[in-house]
Amino acid sequence: KRTLPIGNIITFRGSMLVEAEGMIDHEDVLNNDYIYSDDAVNFLWEIPYMDAFGAVAYQRLLNTNIANVLQSIIKAPIEVDGDDLIVHKEFTSGGIIQPKGKCSVSITHVKDGAALGHTGINIRAGDKAPSFAYSTNLTDEEVKYFQDTIIEMFYAINDDIFLATTKIISK
């Protein structure tokens, strides 16, 4: 619905499968920490005119806001650890009780002067996902609310940041 020069976001629901060949995060490749999710909410965003430091800072800002919204939906505390969202709620994976789990995958990088980012939130992580993968089990209605809220929040943040860049008087 929008295409703005200060940044754009899209969201969709679908599965995720990223193995060694498609990975761009070297740390994840070294740890054989590939991406699997049977069902996830995906947010893809771009911000023009940004370097790698700015891209990571924006990713952290957006993911913190995503965590705040998600926390209010699933009624469980969420810790933001770097670019990961960790849900502090007990769950069972492979017959083992886990005290907390990671519900997200996220990456950002810069290409042709624009920051590009992806954050995926597990609805159902599935059997191929690592044991620490947390399933939020969002309902269809919760997914729609979540997507709409994050899109509106994204544009509100970007509008606010843009306006803040225009109010400085240079001397």
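**Aromatic pairs, core and sheet**

Reply: Ring pairs link Trp 45, Tyr 58, Phe 154 and Tyr 155 into a cluster, where rings of Phe, Tyr and Trp (its six-membered ring) pair if their centres lie within 6.5 Å, planes under 30 degrees apart counting as stacked, over 60 as edge-to-face and the rest as tilted. This is a predicted model, in which local features need pLDDT of at least 70 and side-chain atom pairs count only at pLDDT 80 or more, while totals for chains, interfaces and linings use all residues. Residues are numbered from 1 along each chain as its sequence is written, and side-chain values use heavy atoms, with hydrogens and water left out.

Me: How many aromatic pairs does the structure hold, and what is the geometry of the pair Phe 43 and Phe 146?

Reply: The structure holds five aromatic pairs. In the pair of Phe 43 and Phe 146 the ring centres are 5.4 Å apart and the planes stand at 90°, so the geometry is edge-to-face.

Me: Which elements carry Phe 43 and Phe 146, and how many residues apart in sequence are the parts that the pair ties together?

Reply: Helices (H or I, at least four residues) and strands (E, at least two) are DSSP runs, numbered from the N terminus. Phe 43 lies in strand β2 (residues 35-48) and Phe 146 in helix α3 (residues 140-166), so the pair ties together parts whose separation in sequence is 103 residues.

Me: Are Tyr 58 and Phe 154 buried or exposed, and what is the geometry of their rings?

Reply: Tyr 58 and Phe 154 are both buried, a term that means under 20% relative accessible area, with exposed meaning over 50% and partly exposed in between (1.4 Å probe, protein chains only). Their ring centres lie 6.0 Å apart with planes at 80°, so this pair is edge-to-face.

Me: Which residues does Ile 66 touch, not counting residues up to four places away in sequence?

Reply: Contact means heavy atoms within 4.5 Å. With residues up to four places away in sequence not counted, Ile 66 touches Phe 43, Leu 85, Thr 119, Ile 121, Phe 146, Ile 150 and Met 153.

Me: What is the strand order of the open sheet of three strands, and which residue stands opposite Ile 86?

Reply: Two strands pair if DSSP finds at least two bridges between them. The order of the open sheet is β3-β4-β7, with antiparallel pairing, and its edge strands are β3 (78-81) and β7 (101-102), each pairing on one side only. Strand β4 (residues 84-87) pairs with β7 over two bridges, and the residue in β7 that stands opposite Ile 86 is Lys 102.

Me: Is Gln 98 buried or exposed, and what is its relative accessible area?

Reply: Gln 98 is found in strand β6 (residues 96-98). Leaving aside neighbours within four places in sequence, Gln 98 is in contact with Lys 89, Glu 90, Phe 91, Ser 93 and Ser 131. Gln 98 counts as buried because its relative accessible area is 15%.
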